Amino acid sequence: MDNTGIDFENNIQDSKDFNIFTFRNFYNGGGAAIGDINNDGLADVFFTSNQSANKLYLNKGNFKFDDISEKAGFVAKPQWSTGVVMVDINHDGWLDIFVCNSGHINDGVSKENQLFINNQNLTFTESAKAYGLADNGFSTQVSFFDYDLDGDLDCFLVNNSPIPVNTLNYANKRELPAEQWPIKDFLKGGGDHLLRNDGDKFVDVTHSTGIHGSLISFGLGVTIGDVNGDHYPDVYVSNDFFERDYLYINQKNGTFKDELENWVQHTSLASMGADMGDVNNDGFPDIFTTDMLADDDYRLKTTSSFDNIDVYRLKVQSGFYQQFQQNTLQINNKNGKFLDACYYGGVAASDWSWGGLLFDADNDGLNDLYICNGINNDLTNQDFIDFFANDIVQKMVMTGKKDEVDAVIKKMPKQPLLNKAYKNEGGLKFSDKGMDWGFTQQSFSNGAAYGDLDNDGDLDMVISNVNQKAFVYKNKSREINQNNYIAISLKGTGANSFAIGSQIKVFVGDQIMSREIIPSRGFQSSIDYKTIIGLGKSAAVDSIQVIWPNRIVSTHIKPTINQVLTLEQPLKGSVFKESPKAKQTQLLTAIPSSFEKHQEDDLVDFYNERNIPRMLSKEGPKAAVADVNADGLEDVYIAGSPKHPGQLYLQNANGSFIKKRIPVFEQYADFEDVAVLFFDADKDGDKDLFVGAGGNNTQIGNRIFQHRLYINDGKGNFNIDVNAFGNNEMNIAVASAYDFDHDGDEDLFVGARSFPGNYGITPESYVYVNDGKGHFKDMAKEKNPDIAGIGMVTGAVWANIAGDASKELVIVGEWLSPKIFSFDKDHFKEIKTNLSDMQGWWQSVAVADLNADGKEDLVLGNLGENFYLHPNKEKPVKIWITDFDQNGITDKILTRSIDGKDLPVFLKRDLEEQIPLLKKQNLRHEVFAKKPVQELFSDAVIKKTLVKEFNEPASFVAYNQGNGQFQIQKMPTYLQLSCINAISCVDVNADGFTDLVMGGNNFGFPPMMGRLDASFGQVLLGDGKGNWKPQTANISGLELRGEIRDIQTLHTKNKDCLLILQNNEIPVLYSIQKAIKH
């Protein structure tokens, strides 16, 4: 809005001695705060300024504000102000203003933070020292909260370490307090600080409470909330650069413990702002952090660079955890874990982002997302770095002159950006509504705050911009959509007059709209205390529950809506008590076992193959189950890895397993087992063992790819038949047995995963005909080249799809649609289906009659919809394969479709390392960024290129309708947050209906693509009618954080079990609790 009276501009100007080179955070901007400073019922506005006076605007109503800054005591100042919070420090019922300060590391200007006490007459008195709050570090933001529940407000302070990042060399000194670093004192003003309020005097208790006070903490954001439901406040700190974020869990004894790695699977790399809010109305707070991943491909290719695999691995090995350049939307699973759903939600990329705020912008009952974007100069513009900055900086080094600094800064590109507004569509999905909602002005925005500035029942906004007038937005959603709301204003007692830390839960049907009174949110900013909760079209609220800071609970039945409900903290009442966790009988219960840990070798495919989308060297382990010694008990073979041969475990009468040494297995200890299968190869009535090798760890021609057939003597002793198969040179994925020619012996399909060391090239798969004596001859190459060359197979099953007397062969794989083949006389014919255009990165397939109609249905595990690449039929991902530069090496270029063009996924430098000729033809990143693959190479080269397509990432259940037709049902949301690598169709709750137990995750992608880690193993309970009910971890019993590779059903003497195998982890045996129903 214009003409509001708010004319604040955060104007910053580089100078020779004070600029982006001398102060790393020069372009980070200022903060904004909303709160009623004179208790007139109208929320007022405050802005921090980096190089000028901070500003306070008094709300006069009707979106008219008076600048009362000078009168209030906010005049020109030398401090570089950053974050701001409105808080009643002296608990007199009037909001005070706390301002954080930072600035040049050695300019002599005080960096002490400031506390402006409200004099109750529109003036303020600076009093930070009197309260012990005049920290002189390099502060970004502060949050006030009662961490020890003693009734007063404590302080969590985030300081951004001033030490030059490149001097640290990824040193992990997280536990070394800043004051103990062997550096000059002026560099020691970093690290987090916890200040306890001891009677209106704040005392630093950082080191005794478990808080990291280290100089590797480049804190930019702090958000506070109760993440585990115990009604003690926890703290999330977002850190820039290489240090990981912190999640401090309140131990309820006056201390915290950083449990981030237990709760979170990965974080943003350069975490900026952070906020907590409940995005799915389950009553638990989720966490959003911002980063710098561009959502526009041109911006991505001209301003971005990603960690290479060496840097990424070094950081992980140094203890900086899994960090990726992306926003994160951490969904609370209510069982001690967060799952990042940012790519699924469509909010992973928003460019150079600062403040991210979760609030209900349209009053529909769901928290939406607003993100501030932009940086005053594009510091990471790749052409600027390549063609200008490097030359100038080099001259400065050589001459020692600083007079070139101005020239460098003036040449930096500037590109203001649109801020982002995402509407929460439910089901963890968001849609970009920024333009529709009126956010149409480009800017360099940093801090933002929301509050109901005109008391009309919806949340308005103010945004602080660099070198541009602040934005003031009036929310007109209620005039447009007529949605209902309820506003709640809490009045606390004692030293916490605004009831900070209170939790509000509004119950409407099966929805829980929850809020926590924590003013400090987003980036350097503070929101209003009056809470507006949208109700959508709901005409009534069932009840409101308030859990006050002292844990007293008050409940309000059927409150009146569309007005402000003022609630006062009761002096007495029932106190919230954690319900003792009822002993939950779980569907699956882990039981002790003697299985040894799978040990993966440390091969990195990316060293040998440039610009491939994933590694294929870590596909194990797999397992096979059969009674190998004729004692009536099922035994287990677990596939081996190099230097760790496969192992046979025999089941004892008591259900335990004992490893049996098989000498012949040890002769092949250099092989990596991937496909394993027990079947009767020689028709002698016992189970023999097929093992297909993989590992992608050498070139073709090596013995380690040979198939192995171990012949069983009927007593569980095995010897190899070296003549059972012909030569194989492929990485094998799967083996499946069935007597397809009905001659009385079991034949084999053996599916190839890949051509060793050459991702994307079509490998050779096999259909082996058994001669009845356990010797096999491939028929596919001659009779079925469509099967031999089907592609990169990941899974296969034999299933009666056609409803006749025989089973059909079902094959899935990467860059493939699911294929079904029926044997006819002397060869297989493909059955045409309505699955044929679903080109996926399918990872698994299973078969069962899931809807009790007598037909076998398919369960199809795919990559999922929560990944860096998210293609569809209109915008496919493709891989282009040929020797592009004629050097005798097959190249691959991955593209995605944008505006109808096939644009490379990887960046200019990545492709130039692989194909050097591209550099000469595309000197500038801005040139390369616009070119589809067809313009990077000649028509002649493109015509010789093999192109494969990926257009469907989701996982499905396909119900067999007959005649090749399937009713296709997408799996529930949480199943789409990761890949599905393994599937077991089994009744886990004894209701007579088949359920699905599935597992996934994949950590083998390049750093730019992140990783899939949101699967802990899932259980879907079926009702036999095609309906599925996902089970939470506390009911399913599954909480496995690794890469699940296989799930095998296993029967012991007294119980049915599932054996779940993860890469580089110990296999876990679960008993199925069939006596319970959910």
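What follows is a friendly conversation about a predicted model.

Biologist: Let's start with valine 466. Why does valine 466 count as buried?

Modeller: Buried means under 20% relative accessible area. Valine 466 has 2% relative accessibility, so it counts as buried.

Biologist: Where is valine 466 found, and with which residues is it in contact?

Modeller: Valine 466 sits in the loop between β30 (460-465) and β31 (471-473). Contact means heavy atoms within 4.5 Å. Leaving aside neighbours within four places in sequence, the contacts of valine 466 are Asn10, Ile12, Tyr27, Gly29, Asn376, Phe444 and Asn446.

Biologist: And leucine 339: what makes that residue count as buried?

Modeller: The cut-off is again under 20%. Leucine 339 is at 5% relative accessibility and therefore counts as buried. Leucine 339 belongs to strand β22 (residues 338-340). Not counting residues up to four places away in sequence, leucine 339 touches Leu329, Gln330, Ile331, Tyr974, Ala1014 and Phe1016.

Biologist: Now the domains. Which domains does the assignment give?

Modeller: The domain assignment gives domain 1 (31-376 + 414-481), domain 2 (486-568), domain 3 (588-871 + 951-1072) and domain 4 (877-949).

Biologist: How do you know that domain 1 and domain 3 are in contact?

Modeller: Contact calls for heavy atoms within 4.5 Å, and 30 residues of domain 1 are in contact with 23 residues of domain 3. The C-alpha centres of these two domains lie 46 Å apart.

Biologist: On to the cavities. How many cavities of 30 Å³ or more are there, and what volume has the largest cavity?

Modeller: The count comes to 6 cavities of 30 Å³ or more, and the volume of the largest cavity is about 130 Å³. Its lining has 15 residues, with Leu149, His231, Pro233, Gly501 and Pro549 nearest its centre. By residue kind, the lining of the largest cavity divides into 8 nonpolar, 3 polar and 4 charged.

Biologist: Why do you say that the largest cavity lies between domain 1 and domain 2?

Modeller: Both domain 1 (31-376 + 414-481) and domain 2 (486-568) give residues to the lining, so the largest cavity lies between them.

Biologist: Last one: what makes β56 and β57 a pair?

Modeller: Two strands pair if there are at least two bridges between them. Strand β56 (residues 819-824) and strand β57 (residues 827-830) have 4 bridges, in the antiparallel sense. Phenylalanine 821 stands opposite glutamate 830 in β57. The hairpin of β56 and β57 has 2 residues between the strands, and lysine 825 takes a positive phi near 65° there.

Terms used:
Residues are numbered from 1 along each chain as its sequence is written. This is a predicted model: local features need pLDDT of at least 70, side-chain atom pairs count only at pLDDT 80 or more; totals for chains, interfaces and linings use all residues. Side-chain values use heavy atoms; hydrogens and water are left out. On a 1 Å grid over the protein atoms alone, a cavity is a set of points where a 1.4 Å probe fits but cannot get out, and a pocket is an open set with protein on both sides within 12 Å along at least five of seven lines; lining residues have an atom within 4 Å of a point. Grid points are joined across faces, edges and corners, and a volume is the space filled by probe spheres set on the points. Ala, Val, Leu, Ile, Met, Phe, Trp, Tyr, Cys and Pro count as nonpolar, Asp, Glu, Lys and Arg as charged, and the others, Gly among them, as polar. Domain bounds come from an automatic or database domain assignment. Buried means under 20% relative accessible area, exposed over 50%, partly exposed in between (1.4 Å probe, protein chains only).
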